[in-house]
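Visitor: I would like to learn how to read the main features of a model such as this one. Please take them in turn, with the general idea before the case.

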Amino acid sequence: MSAFRGVAALRHGRIPRVHIGPSRPLLNPRTYWWGQSAVRPGPRHQARVELSSSGPSYLHPHLCFSPRKAPPHPRALSRLVRPEQEKSASQSTNVKETAPPAASKVVVSNAEQRRRDWAIVRKLAVHIWPKNDWGTRGRVILGVSLLVGGKLLNVQVPLFFKEIIDTLNIPLDAHSTVWVVCGSVILAYGAARIGATLFGELLNAVFANVGQRAVRTVARQTFEHLLNLDLKFHLSRQTGGLTRAIDRGTKYNSCGARGNDFRGVTFILQAILFRVIPTALEISLVCGILTYKFGWDYAAITLATMAAYTWFTVRTTAWRTQFRRQANSADNKAATVAVDSLLNYEAVKNFNNEQYEIKQYDTHLRAYEKASVKIATSLALLNSGQNIIFSTALTGIMLLAAQGVINGTMTVGDLVMVNQLVFQLSMPLNFLGTIYREVRQSLLDMEVLFNIQAEHTPAKDPPDARPLTLSGGEITFENVAFAYHPSRPIFRDLSFTIPAGKKVAIVGPSGCGKSTVFRLLYRLYEPTGGRILIDGQDIFRVQLASLRGVVGVVPQDTPLFHADIMHNVRYGRLDASDEEVIAAMKKAQAHDAVMKMPDGYATTVGERGLMVSGGEKQRLAVARALLKDPPILFFDEATSALDAQTESELMKNINSTLLDRARTSIFIAHRLRTVVEADIIIVLKDGSVIEQGTHEDLMRAGGLYHSMWQEQAADAFSDFSPVSVE
């Protein structure tokens, strides 16, 4: 008889005191089927997710179940799919495909590649001559002066060497000394070499500040741009590949043949200003000297050699660009797989898929290895062709000079000078080829970086946007329409009002759009129709910072930094004192648990908070929101990972906090018992409001809320088995 009374009490909205521990999932045998699969593990049997009209089904070689309602479940399985359908439509899940499709190759024409390269160069050129920054401009002017002085000294070295040879090419006796014969010329030779080297090193030192400031500026602008992008970009990004591309573009660039390390931005700026222009200047000086002293034929051979050398370098490097792009793509994919596998370490272990992850990683490493081999072999071809062109030209010039010595029109010193002048061009030419090759590589590395800024534009406030003026906190949705994908609308004509200072709950079946309400209110997305108002002000006509400053949120999936507990809670208000943080933790029922830890508030929570339990993470999130103390609070399944007793105590503290002053609070909940005391309960279904009122009103109405309450009550009671007493 008592059992029947219990069922009747449950069906009429009264819940008996049944303590359910956090480690006891409620499983209804009528709703869920669990069983062992007879299929043995193999390469074809990987964890996957199937979506059907009845909801998501999780399939695994050993464990199968098909839920119609989402129960509490072990962490590894619950991470496969979000509990609401709209989240699966807008977010990328952590489940990897069994056989990911091969990436399609994008063929870029040479003209299009040159257009992209020049666009990047123009953006970087701003850092060479920044507006109103005379310190940087002064460094550039000093650097150009050092550059010209160094090149002038450099071309003097062969001239002094010629004088030494001609001076010594006379009969000498035993009493002659070097100081008498050519001492001053030798000193001039040494001073020219030292001066050219010293000017080059001073140039690097002067330009270091310009280059490193450019690296810092580009990296900061990229990071700021990423933080300001909308949620859609961040839900679809691949973290490993993105961070690898940013690192290559702004910081590290390996100069393959030489083994030196360059920073992409700095290297391009130095190459443009202090490598390409100086090489052109030196070539001009050498050609002028050869023409003036020995005739146009020497200069013609030199110019023809430079033209052939440059043509061969540019064409071969353009051909090799495809291999660098393939290597970058494989490198990004390998980094993405590695980061994704490490972030989902528990899922890998729970399903025993280590070898699968290693195979996926090695697939991309193999592609990177193949592309890198092509880069190395094509580099050998490039270097060989450059050496053949230059050595052929040098041989021809030496034949002309030798003939001039035989004819008596040139001295031995002239022959040595011609050899030194032309051979001296080999270093800047060789370096010019390396520069062109590495500039193209750096531009490719930075292509992803600048594409992010060009193709993904963050939302901006309207020009006439004003700060949000809060007078109470009334929230109104007027005929709001929204869809994550055009073929699947979430809201069609959603309208409701949340009165100022009231506690309002939003409930409904999975996929009805409960969490989407917050995303629209927080301007993470923009509706396709209708308006959202706070105290009569359209939130898309006010300044975004002022809007988010008055709204606090406790998300369902709590984001935590890899830092200590004190920092993670203080993140809600960075200027809060330790005492204020501890007070917020006490309200969130988390202080006692933290004090039991060996390091207390200095305990590190691990990456994404993996070193603390789900319930502790949620309490830290509640404490963070309470520390911010905003006039509008939004709780998205804020207690879903807590046991009944802790949840009850926490809700009491939250309710008392809401009574401290007039606050507008919105609760999204699946467990209806947590929102019984709400002033208004809004019930959503298929993206629209089908009923609203207090708990008692909705129970008397006998609608969707009543049926949901009965189902949850029946599930809770079916797990509570009464003990017979004899």
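**Reading the fold**

Guide: Of the 726 residues in the protein chain, 45% count as buried, where buried means under 20% relative accessible area, exposed over 50%, and partly exposed in between (1.4 Å probe, protein chains only). This is a predicted model, in which local features need pLDDT of at least 70 and side-chain atom pairs count only at pLDDT 80 or more, while totals for chains, interfaces and linings use all residues. Residues are numbered from 1 along each chain as its sequence is written, and side-chain values use heavy atoms, with hydrogens and water left out.

Visitor: How many helices and strands are there in the protein chain?

Guide: Helices (H or I, at least four residues) and strands (E, at least two) are DSSP runs, numbered from the N terminus. The protein chain has 23 helices and 16 strands. Contact means heavy atoms within 4.5 Å. Among contacts in the protein chain with a separation of 6 or more, 75% come from residues 24 or more positions apart.

Visitor: How should I read a sheet, and what is the order of the open sheet of 4 strands?

Guide: Strands of a sheet pair through backbone hydrogen bonds, either parallel or antiparallel. Two strands are taken to pair if DSSP finds at least two bridges between them. Here the open sheet of 4 strands runs β8-β7-β10-β11, with antiparallel pairing. β8 (488-498) and β11 (537-538) are at the edges with a single partner strand each, so one side of each has no neighbour in the sheet.

Visitor: Which helix packs on that sheet?

Guide: Helix α15 (residues 514-521) does, touching β7, β8 and β10 (529-534). The direction of α15 makes about 105° with that of β7. Axes are lines fitted to C-alpha atoms, for helices over the stretch in contact, and angles run from 0 to 180 degrees between N-to-C directions.

Visitor: What is the order of the open sheet of 6 strands?

Guide: The order is β12-β13-β14-β9-β15-β16, and the pairing is mixed. The edge strands β12 (551-554) and β16 (688-693) each pair on one side only. On average, neighbouring strands of this sheet are turned by 20° against each other, direction ignored.

Visitor: How do I read two packed helices, and at what angle do α10 and α12 pack?

Guide: Angles under 35 degrees count as roughly parallel, over 145 as roughly antiparallel, 65 to 115 as roughly perpendicular and the rest as oblique. Helix α10 (residues 296-343) and helix α12 (residues 354-407) pack at about 170°, with axes 8 Å apart. α10 is therefore roughly antiparallel to α12.

Visitor: Which residues are buried in helix α18?

Guide: Val581, Ala584 and Met585 are buried in helix α18 (residues 578-587). Down the axis of α18, its buried residues fall within an arc of 100°, so they line one face of the helix. The arc is that of the directions from the helix axis to the C-beta atoms. The cover over the buried residues of α18 includes α17 (565-570), α19 (591-595) and α20. Just after α18, glutamine 589 takes a positive phi of about 60°.

Visitor: Does leucine 544 count as buried or exposed?

Guide: Leucine 544, in helix α16 (residues 544-549), counts as buried because its relative accessibility is 19%. Apart from its neighbours within four places in sequence, leucine 544 contacts Asp461, Tyr522 and Arg523. Leucine 544 and lysine 460 are 84 residues apart in sequence and 8.2 Å apart in space, C-alpha to C-alpha.
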